[in-house]
Amino acid sequence: MNRTTVSLIAGVAALAAVTGFASMSEPQTAGEDTAKAAAQLPVERTSLLCPAPSTSDLAETAYTSFTPVTKGTGESGKAELVAAGAQSADGTDDKDKKGENEEQDGKKDGEQGGKKEKPVLTPKEPGKPVTAKASGAESPALVGTAEGRFAPGWAVQQTTQVEAGTGRGLLGTSCSAPDTDFWFPGASTAKERTDYAHLTNPDDSAAVADIELYGKDGVLKSTVGEGIKIPPHSSESVLLSTLIDEPETNLTVHVTVRSGRVAAAVQAVDDALGGDWLAPSAGPAGSLVLPGIPKDATSVRLVAFVPGEADADLKVRLASPTGTITPAGHETLHVKAGMTAAVDLGDVTRGEAGSLLLTPTGKSTPVVAALRVVRGKGDKQETAFIPATGPVGARATAADNRAKGSTLSLVAPGRGAKVKVTASAGSDGGTAASKTYTLKAGTTQNVDLPVPAGLKGTYALTVEPLSGGPVHASRMLEAAEGGVPMFTVQTLPDDRGTVKVPDAEQDLSVLQK
């Protein structure tokens, strides 16, 4: 057997386990019984990036880190979140470089004697959340890395409360892994909106990204959004209204990375309706699920975009607690190729839990989509966003749940399903608890959550489908302030905590033939 072949197989297996993005199918061979299922192994390393939380001096931000317990991880490992820019490409602290030839009085903020800046957050053990807090407008973006037993399913929630003024609201986001392609239907450059695209680079070399904007009539030409450079271990925010000349109410933002990797999120702030983070939509697909519309939503706007060259005709349905229904007057949506379409669905849930299902009326055409959801009335309204999301898959987690104010929505868009939900131990004490739920086909349930016994602090919710069809999920976190129903919604796609690695014995036997 060629030594190079053995090394290649071992290398592919190692890369898959480290990155969590590789997946290899079992070779199709004839002959003796050599077919073995690919091993499902825990990932060994993962990265998460959190955008700078707010420009408001009144901002109060909570970070919550959680890793579910995963079999097969061993006992070693670590995880930490550090301020973006604190670590330079050569591994030395940026502040050390700036001050290495200067006389210094006292200690530098976050460092002493040339040591690396202290992490913002360091998890202690899987299965128990760890929290940290930050205040004001100067809180930076964070770069996080988890290894060993902390890597599989690592989740970090960033939740910021701004009680008044610009950016008022409860702004929440699940810190995300770096990638190279992102779609954000639901952004805006209307006069009442202030939307920023945040791009964070975790790597030792600079990243270069392009931002394209698409309105109701197609692409909005701009050269300002081309070739945006994001330095190593740094974050850049781009005000979307500076990229085009005229305001556009409903936009789709497309972020592509020419070089390197970034995490991307859009912070959307409305002068009257508060604000929240707009997370990327699931990649273009013929059918989409947008889970967890609040039952008391007073206004719901669907924004969709077709990246390809063919128009899309979509059937619009609502998965309610009793089954799927068609919103009156909004049975279908026609989306022209390369253009952003928007439709106001009003109070579509009418007091019940609901999720929006988009399916093709005929030939399937890939689309991306998101919902802008408003709760409250008059001058006490608040906004959040629900992007289309992939299924929970094997497992998904929402960190930062409180004793009050958390709502978990589960939807089975096709076949019925059985789902296990586990509430972790609390960050300051408590014992984990689990419940199992049965979802009927085509329904959404806001489930009665398990709560850790003796809960102190915050806890994480982990969702694991046990049988049946695909399940999609979201978590709403709410905190009323001065009569304003502040809230934020995070979707729960698969945590990619494990990766398929081909059985080495199988592949060697095949290659020897």
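Student: What should I keep in mind before I start?

Tutor: This model is predicted, so local features need pLDDT of at least 70 and side-chain atom pairs count only at pLDDT 80 or more, while totals for chains, interfaces and linings use all residues. Numbering runs from 1 along each chain as its sequence is written, and side-chain values use heavy atoms, with hydrogens and water left out.

Student: How many helices and strands does the protein chain have?

Tutor: Three helices and 37 strands. Those are DSSP runs numbered from the N terminus, helices being H or I with at least four residues and strands E with at least two.

Student: And what share of the residues is buried?

Tutor: Buried residues make up 50% of the 513 in the chain; buried means under 20% relative accessible area, exposed over 50%, and partly exposed in between (1.4 Å probe, protein chains only).

Student: How do I read a disulfide?

Tutor: In general, a disulfide is a covalent bond between the sulfur atoms of two cysteines. Here the cut-off is a pair of cysteine sulfur atoms within 2.5 Å. The structure holds one: Cys50 and Cys175, with sulfur atoms 2.0 Å apart. Cys50 sits in strand β2 (residues 45-50) and Cys175 in the loop between β8 (169-174) and β9 (181-187), so this pair links distant parts of the chain, 125 residues apart. The link is right-handed, with 110 degrees about the S-S bond, and both Cys50 and Cys175 are buried.

Student: What about nonpolar cores?

Tutor: Nonpolar side chains tend to be buried together in soluble globular proteins. A core here is a set of buried Ala, Val, Leu, Ile, Met, Phe, Trp, Tyr and Cys residues joined through side-chain atoms within 4.5 Å. The largest has 30 residues, and Leu290, Ile293, Leu302, Leu356, Leu358 and Leu371 touch the most other members. Apart from that core lies another, of 26 residues, with Ile230, Val238, Ile244 and Val262 among them.

Student: Which strands form the open sheet with β23?

Tutor: Strands of a sheet pair through backbone hydrogen bonds, either parallel or antiparallel. Two strands count as paired if DSSP finds at least two bridges between them. Here four strands form an open sheet in the order β23-β19-β25-β26, with antiparallel pairing. β23 (340-346) and β26 (380-387) stand at the edges with a single partner strand each, so one side of each is left without a neighbour in the sheet.

Student: How many bridges join β25 to β26?

Tutor: Eight bridges join β25 (residues 368-377) to β26, and Val373 stands opposite Ala384 in β26.
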